[in-house]
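Open the model in a viewer and keep the residue selection tool at hand. The stops below go from one selection to the next.

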Amino acid sequence: MFLMSCCYFFWKQVAGEHKFHPDCFVCSKCQAYIGDGDSYALVERSKLYCGPCYKKVVVLQTEKSSPKKKKKKQAHTVQLINIPPTPEGQKRFSLSLEEKQAKESSSSEDVPVAAQGKSICISDLETTPETVSLQVGDRILEVNGTPVTDHNISEIDRILSQRTSQLRITVEHGPSSNPVPDVCGIFSSRSSSEESNSPSSSNEPEFPSINNNVQASLSDCSPSSGERGRLGVFNYERRHMKLDRHGSAPKVRNNYPVMCSPTSPLSRTQSYRVSKNQRIFRPADLIKGEVLGQGFFGKAVKVTHRYTGEVMVIKELVRYSDSAQRDFLKEVKVLRSLDHYHVLKFIGVLYRDKRLNLVTEFVGGGTLENIISDLDKPFPWLQRINAARDIASGMSYLHSMGIIHRDLNSNNCLVRDDGSVVVADFGLARVFIDENDSRCPNSFGPGRDKHKPAGRKKRYTMVGTAFWMAPEMLKGKDYNERVDVFSFGIVMCELIGRVSACPDDLPRSGDFGLDEVPFMAQCCDTCPKTFHQIMLMCVRMDSDERPSFDELDQRLSSFSLHFERLSPRAKDLESYHISPTEDPPPKT
Ligand SMILES: Nc1ncnc2c1ncn2[C@@H]1O[C@H](COP(=O)(O)OP(=O)(O)OP(=O)(O)O)[C@@H](O)[C@H]1O
């Protein structure tokens, strides 16, 4: 009873035999989410319309284009039709059993239709405004959300005769024997505009002005122009990209509807498996709590499940634009496929006012940036090393899944109450699988070889938060997943120096790298040597020389163990603010 009242459903929307992720159950015309019980039509197994758009786009257009010849060739359509009750409770159509395939089978009115290899079809129809979408010959798939296959024709006839309440019937018109194609957005092909390797064929001019600004600032601020020049790069960007001190607003977002590579080897069944834990919540299930924070496009709100008491977070869009909507959907799609302790856990989705909201785990300890900047609270080295290790572990998993985060920063790393850190915010993430790249095997998932070299660099869009962006991305060059390693290096700098990533606090070079000498002098006096050496590897200008996250995870894990076991001396030194010039000596 308790469980029943929790009232959530598992992950999918079904149109006939076609299964969709709930967030893909969107009208291709008006982009509205089609909720449970809303009328819809799936035309030729690929184009999904809400009821009103189907009428406008398909029915009226067909009538306009061929008013005389009523129907030439019937398009395959699966349609959910809501038929209002009739005052007199009259039935407007009658049913018959028809062979599904041309084969002999015994027929009995009392045997379920599936057992007979037959389907229930409309054999006679009185056309009224309510039944205008029905045709003689339509196969009935569901009545009031229940598949007809397990019932016999007289049961279905009885339900359809009860016309004093609204009827919801799902019907199929047109040929039924075609194979079921992949209809869900996550598997559909997409424009390859973002992936071109050749600059000339690239469709990049998404942010020409920003790219130009960066180029201009580069020429203004040669490395030799010293301190003024170094800050000039970022001041320039701050003016033009509206950077704030915390780098929270200056997101650069692309406009491409990207998620899966067209070559993605995911099969529908795989996707169902990874998605089966997606829950769909109703607004009434969740009690809203405090607003945890608001980014440029989205707002995160703490919620409690009315019946289970689970505390979760809903993320909703506050600014609507096509690209924000696409980024948001992408975040849902990316998160849904992930499962790792150091990656924000996706729980499900919530529909409200035809809009999709993301439901995730609640991470109680705030952002890593909050902890770094709260100088009143101690932040022991072991905790900082473990924070870096956790991020490297989550990022190693993401890269093994073929995902570049592209917006890794200390605001997007959340800290649990037990001090562990999770990587969040996948609105700008993208998939970098490439089947033509021999170093990048055509497998998408945990089986991928984590030890392989970096993926081939490609001309992607410049996105992310500027202070953490890799130099190659800021310069508009081709890049690969190692841009995330540079961002991680900047997060390590923040951890080491307990400084913000703003160039006023974190010395940067004119070519968007780290200005190592002043940074080491200002910020590294008590830092364990191994820790800052790892950081230096991450911020190398040449992305090929940066380590992979897998390597970073291993190094940081063993360094954390080493530090924990052998560091009483280091801990003592730290409490007296004396620099442990070397890492703790190995135990003998
Ligand atoms: N799952 C969560 N648990 C706890 N706090 C969260 C969670 N998700 C987000 N927050 C808090 O809400 C704030 C806003 O998050 P949100 O993801 O909406 O925006 P953002 O990442 O800051 O910016 P943008 O939407 O522009 O990427 C975060 O900085 C964080 O403090």
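**A loop residue between two helices**

Start by selecting Phe 512, which sits in the loop between helix H11 (483-497) and helix H12 (516-523). Helices (H or I, at least four residues) and strands (E, at least two) are DSSP runs, numbered from the N terminus. The model is predicted: local features need pLDDT of at least 70, side-chain atom pairs count only at pLDDT 80 or more, and totals for chains, interfaces and linings use all residues. Residues are numbered from 1 along each chain as its sequence is written, and side-chain values use heavy atoms, with hydrogens and water left out.

Phe 512 has a phi near 70°, a positive value in a residue other than glycine. Most residues other than glycine have a negative phi. Phe 512 is also buried, at a relative accessible area of 0%. Buried means under 20% relative accessible area, exposed over 50%, and partly exposed in between (1.4 Å probe, protein chains only).

**Helix H11 and its end**

Select H11 next. H11 has 15 residues and spans 22 Å from its first C-alpha to its last, close to the 21 Å expected at 1.5 Å a residue; the expected span is 1.5 Å times one less than the number of residues. Of the 15 residues in H11, 14 are buried. Step on to Arg 498, which follows H11 and has a positive phi near 50°.

**Aromatic pairs**

Rings of Phe, Tyr and Trp (its six-membered ring) pair if their centres lie within 6.5 Å; planes under 30 degrees apart count as stacked, over 60 as edge-to-face and the rest as tilted. By this rule there are four aromatic pairs. One of them is Trp 381 with Phe 531: the ring centres are 6.2 Å apart and the planes are at 75°, so the pair is edge-to-face. Trp 381 belongs to helix H9 (residues 381-400) and Phe 531 to helix H13 (residues 529-538), so the pair ties together parts 150 residues apart in sequence. Both Trp 381 and Phe 531 are buried.

Phe 549 is in helix H14 (residues 549-566), and the two residues are 61 residues apart. Phe 488 and Phe 549 are both buried.

**Charges over rings**

A charge sits over a ring if NZ of Lys or CZ of Arg is within 6 Å of the ring centre and within 35 degrees of the ring normal. Then select Arg 416, which lies over the face of Tyr 341 at 4.0 Å from the ring centre.

**Arg 406**

Select Arg 406, in the loop between strand E19 (403-404) and strand E20 (413-415). Its phi is near 70°, a positive value in a residue other than glycine. Is Arg 406 buried or exposed? Arg 406 is buried, with a relative accessible area of 3%.

Select Lys 315 in strand E16 (residues 311-317). UniProt, in an unreviewed entry, places the feature "binding site" at Lys 315; UniProt positions are given in the numbering used here, feature names are shortened, and annotations may be inferred rather than shown by experiment. Contacts of Lys 315 (heavy atoms within 4.5 Å) include Glu 331, Asn 357 and Asp 425.

Finish at Tyr 307, in the loop between strand E15 (298-305) and E16. Tyr 307 is partly exposed, with a relative accessible area of 34%. Its C-alpha is separated by 7.3 Å from that of Asp 285, 22 residues apart along the chain.

Definitions and conventions. Lists of a residue's contacts leave out its neighbours within four places in sequence.
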